[in-house]
Structure formats: structure tokens, C-alpha cells
Amino acid sequence: MDRNQKKLRYQDGNPCIQESDASFKCLDASNYNRDMCSAYFLTYKNCRKYWRKHHNVMLERRRQGVKPDMPTAAERQDMLDAFGGKPY
């Protein structure tokens, strides 16, 4: 696995890893018929949009010197639980 692939598989750095995996599984199951997986793609797109929207959280953490910039998987789960689940 090259460096970029490892970065994408790193759960603390990629908040949408579950959605990404689900879309790839759908593609495998549907013999790469993209039309059959449009719901999975939309969920992944909404996930990415949601976490980009919270970019100010990352900026604030960077200003305060908190590492990593992106909240960890556990912190993100706590944030989502506060909303009552995934808003996307």
C-alpha cells in the first residue's frame, strides 16, 4: 500500500471511511454498475460535505495546538451521537 492509500485507510484522518467502503462493496456486488450504487455515492458525498463544513473545528484545533487537526474517530462519534446519529 502506498502512502496515499494508507492515509485514506487511516480512520482518524478519514471521517467517511465507512461510507467509502460501503460504496466500493456495492460496486463489487453490482458488477461495477454505478447506477445501482447511486445512493451509496450520495451518502459518501454528503459525508465529505458535512465534515468539510466543520472545517472550522479543524482550524480551531490547529490554532490551539491540538493534534490531530481532524477530531479522532472517537471524538467524531461523540459529535454524531450529540446530533442523534449521522445527519447525512
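Okay, let's start with a bond: Cys26 is joined to Cys37 by a disulfide, with 2.1 Å from S to S. The rule for a disulfide here is a pair of cysteine sulfur atoms within 2.5 Å. For anyone new to this, a disulfide is a covalent bond between the sulfur atoms of two cysteines.

Quick word on the source: this is a predicted model, where local features need pLDDT of at least 70 and side-chain atom pairs count only at pLDDT 80 or more, while totals for chains, interfaces and linings use all residues. Residues are numbered from 1 along each chain as its sequence is written, and side-chain values use heavy atoms, with hydrogens and water left out.

Back to our pair. The torsion about the S-S bond of Cys26 and Cys37 is -95°, a left-handed link. It ties together distant parts of the chain, eleven residues apart: Cys26 sits in helix 2 and Cys37 in the loop between helix 2 and helix 3. By helices I mean DSSP runs of H or I, at least four residues, numbered from the N terminus. Both Cys26 and Cys37 are buried, and buried means under 20% relative accessible area, using a 1.4 Å probe and protein chains only.

Cys16 is at 0% relative accessibility, so we call it buried. Cys47 is buried too, with a relative accessible area of 0%. Number the bonded cysteines in sequence order and you get the pairing 1-4, 2-3.

Now, the helices. Helix 2 (residues 17-29) packs with helix 3 (residues 38-53) at an angle of about 160°, their axes 9 Å apart. Axes are lines fitted to C-alpha atoms over the stretch in contact, and angles run from 0 to 180 degrees between N-to-C directions. Are the two helices roughly parallel or roughly antiparallel? Roughly antiparallel, because that is the word for angles over 145 degrees.

Who makes the contact, meaning heavy atoms within 4.5 Å? From helix 2, it's Glu19, Ser20, Ala22, Ser23, Cys26 and Leu27, and from helix 3, Tyr40, Phe41, Thr43, Tyr44 and Cys47.

Notes:
Parallel < 35°, antiparallel > 145°, perpendicular 65-115°, else oblique. Contact = heavy atoms within 4.5 Å. Buried < 20%, exposed > 50% of the residue type's maximum accessible area, 1.4 Å probe, protein only.
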